[in-house]
Amino acid sequence: MPVTYGPEYSRPDLPVPPVPLPGVPVTIRRVLGGTSPERAATATFGWALVTAALALAAIFVPHPAFSAATWLTAAYVAARVVTLRLLARAQRRFEPDWLAAQTRVLRGHGFDVLRCTVAGRVCDLTRPGDMAALTWAAPDAEVVLEFGYRPAASGRVAVERIRRGRAELEIQYAHFAPDSGRVRFPEASYVIGASGRVTAWSLVGRVLLTPAVPARLRPDPAGVRA
């Protein structure tokens, strides 16, 4: 199974890792494939220009050193071209499996709810009375949840906002309630972003909300969908 980022790293913009190559030393991979997929083709073209320059030098200034350097750089360029094609093919096979594995991590991770509103009114997830109002809200009432996650470049909490109809929200009470409300997305998924090197997430489908109210204080167990 592909190695994934842990749940504490769940965020939209995860870097897509390079395909693992067991048995291939890191140094060889860097020499032939480069350190940056975005610049690999440009670097290979640069080496091709160097090869052409050495070939011209060998024509106008015949010397064994120029001939040897031309053959060496030509062999290196050919090896890079083959390696980059093989890496690209392996990466295409690897990414769907990695995305599926990272999606499973995302679906099982709960985010801290910072704010919840129901039909425009703030709902305190620590108060049984507010939870009763949320439980018995009309199926088409709009629920807005704001939750936090840790972005890549900062220790500060970033905020994501999602909107759902009350009918799409499932309330699950815990015997030992969390300190704050928690939200989970069991049908969410990761996709490759527009850049091709980082992910984006799609928080579609059902929403599971665990309030900061223990199960024994829930308003009406029969009225809450499990």
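This is a predicted model: local features need pLDDT of at least 70, side-chain atom pairs count only at pLDDT 80 or more; totals for chains, interfaces and linings use all residues.
## Ground rules

Local features need pLDDT of at least 70 and side-chain atom pairs count only at pLDDT 80 or more, while totals for chains, interfaces and linings use all residues. Numbering runs from 1 along each chain as its sequence is written, and side-chain values use heavy atoms, with hydrogens and water left out.

Buried here means under 20% relative accessible area, with a 1.4 Å probe and protein chains only. Helices (H or I, at least four residues) and strands (E, at least two) are DSSP runs, numbered from the N terminus.

## T199

T199 sits in strand β8 (residues 199–202) and is buried, at 4% relative accessible area. A polar atom of its side chain lies 2.7 Å from the backbone oxygen of P12.

## Aromatic pairs

There are 8 aromatic pairs in the whole structure (ring centres within 6.5 Å, Trp by its six-membered ring; planes under 30 degrees apart are stacked, over 60 edge-to-face, the rest tilted). F147 and W201 are tilted, because their planes meet at 50 degrees, with centres 6.3 Å apart. F147 is in β3 and W201 in β8, so this pair ties together parts 54 residues apart in sequence. Y149 and W201 pair edge-to-face, at 5.4 Å and 70 degrees. F111, F147, Y149, F185 and W201 form one aromatic cluster.

Definitions and conventions
Buried means under 20% relative accessible area, exposed over 50%, partly exposed in between (1.4 Å probe, protein chains only). A polar contact is a pair of N or O atoms within 3.5 Å; within protein, one must be able to donate a hydrogen and the other to accept it, and residues adjacent in sequence count only if both atoms are side-chain atoms.
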